[in-house]
Amino acid sequence: MTRIVRFADDTGTVRTGVADDTGGIRAFPGAPLIAELLRLSTAELRALVEHTASGPAAAHERDVLPLPPLDGLMELWAAGVTYERSREARVEESTEQSVYERIYDAERPELFFKSPPWRVVTDGEPIAVRDDSELNVPEPELALVLNRHGETVGYLVADDVSSRSIEGENPLYLPQAKIYAGSAAVSSAIVPAWEIEAPDALEITMAVWRDGEAAYQAATSTVAFHRTPQGLVDHLWRSQPFPDGAVLSTGTGIVPALDFTLRAGDVVEISIEGVGTLRNPVRAHQAELDWLVRAIAEPLTRCAHRSRFPE
């Protein structure tokens, strides 16, 4: 299996390339951004990936710093209430229950902006809960990597970290519940769409580790998805261009009961069959994510904030 990666070498130079199962990386010629790759059609991207993968490895994943595979003018968006469990949880927590009951079967899905590329974190980097929220949860999701034409060219593991108490108080607070530093995490490697045979039947698992033990564990499958991924994409692409493509997180089928909330020191581990694993430690204050601003120009800043977990 090949994977598309974005990484920084020991000088801080950012490049993109193709990684193989051994961890060997072959850099794309011309050092394109991920965004530039997403200007290609699916056929053009596949040809480039396969040609690049046929060359000798120039680096290894253990010797470079993996970066979130978003850059340029890409945007991270997310969908809500796309699984029955999500509908149940929103109804349970909300003072405006009918809003979520109606959206579940409505023709138009719930779609919302989640993050610009620079504020997205990846495997090993911290996520955060809001200081002004009492109930906070991770939301494990399959994310679609979309080229500028709205074609799904790859997949990522995503965590749409959410403040349930804020959104539950009033649905109009959703941007505050969903968009803040530490609320968006994705896996560090794009698995090309042509590598996944059945994206509609992928197992998704999540565990929240606390003091060495599982404080929460659950599983679901994309079989339980209530909408078609392409239907979400079609609505996202209406009336707005994405010149550098986008990533669309497709909603969660795992939501803990109301007696569970994330705590500082927890580690969230999300795995999606065939796509990868995403692990993130939890921080309790957004100020602990201020380093993301510096990392825009100095990517190696991320090294000091990255945790490593045993395989």
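Biologist: Which elements each supply at least two residues of the lining of the second largest pocket?
Modeller: Bear in mind that this is a predicted model: local features need pLDDT of at least 70, side-chain atom pairs count only at pLDDT 80 or more, and totals for chains, interfaces and linings use all residues. Residues are numbered from 1 along each chain as its sequence is written, and side-chain values use heavy atoms, without hydrogens and water. A pocket is an open set of points on a 1 Å grid over the protein atoms alone, where a 1.4 Å probe fits and protein lies on both sides within 12 Å along at least five of seven lines; lining residues have an atom within 4 Å of a point. Taking helices (H or I, at least four residues) and strands (E, at least two) as DSSP runs numbered from the N terminus, the elements are β2 (14-19) and α8 (291-295).

Biologist: Which element gives the most to that lining?
Modeller: The lining has 19 residues, with Arg6, Leu70, Asp71, Ala295 and Ile296 nearest the pocket's centre. With three residues, the top contributor to the second largest pocket is β2.

Biologist: Is Arg130 buried or exposed?
Modeller: Arg130 sits in the loop between β8 (127-128) and β9 (136-137). Its relative accessible area is 16%. Buried means under 20%, exposed over 50% and partly exposed in between (1.4 Å probe, protein chains only), so Arg130 is buried.

Biologist: Which residue's backbone oxygen does the side chain of Arg130 reach?
Modeller: Arg130 and Asp132 are joined through their side chains by a polar contact of 2.8 Å (N or O atoms within 3.5 Å; within protein, one able to donate a hydrogen and the other to accept it, with sequence-adjacent residues counting only if both atoms are side-chain atoms). Beyond four places in sequence, Arg130 has contacts (heavy atoms within 4.5 Å) that include Asn136, Ser163 and Tyr180. At 2.8 Å, the backbone oxygen reached by the Arg130 side chain belongs to Gln176.

Biologist: How many aromatic pairs are there?
Modeller: Rings of Phe, Tyr and Trp (its six-membered ring) pair if their centres lie within 6.5 Å; planes under 30 degrees apart are stacked, over 60 edge-to-face, the rest tilted. By that rule, the count is five.

Biologist: How far apart in sequence are the parts that Trp77 and Phe242 tie together?
Modeller: Their pair is edge-to-face, at 6.4 Å centre to centre and 85 degrees between the planes. Trp77 belongs to strand β6 (residues 75-80) and Phe242 to the loop between α7 (229-236) and β17 (246-249), so the parts tied together are apart by 165 residues.

Biologist: Which residue in β17 is the bridge partner of Trp77?
Modeller: β6 is largely enclosed by the rest of the structure, because five of its six residues are buried. Strands pair if DSSP finds at least two bridges between them; β6 and β17 run parallel and are joined by four. The partner of Trp77 in β17 is Leu248.

Biologist: And which residue in β7 does Gly80 stand opposite?
Modeller: β6 also runs antiparallel to strand β7 (residues 110-115), with five bridges joining them. Opposite Gly80 stands Glu110.

Biologist: Which are the edge strands of the five-stranded open sheet?
Modeller: The order is β8-β19-β18-β15-β16, with mixed pairing. Within that sheet, β18 and strand β19 (residues 276-283) are antiparallel over six bridges. Pairing on one side only marks the edge strands, β8 and β16.
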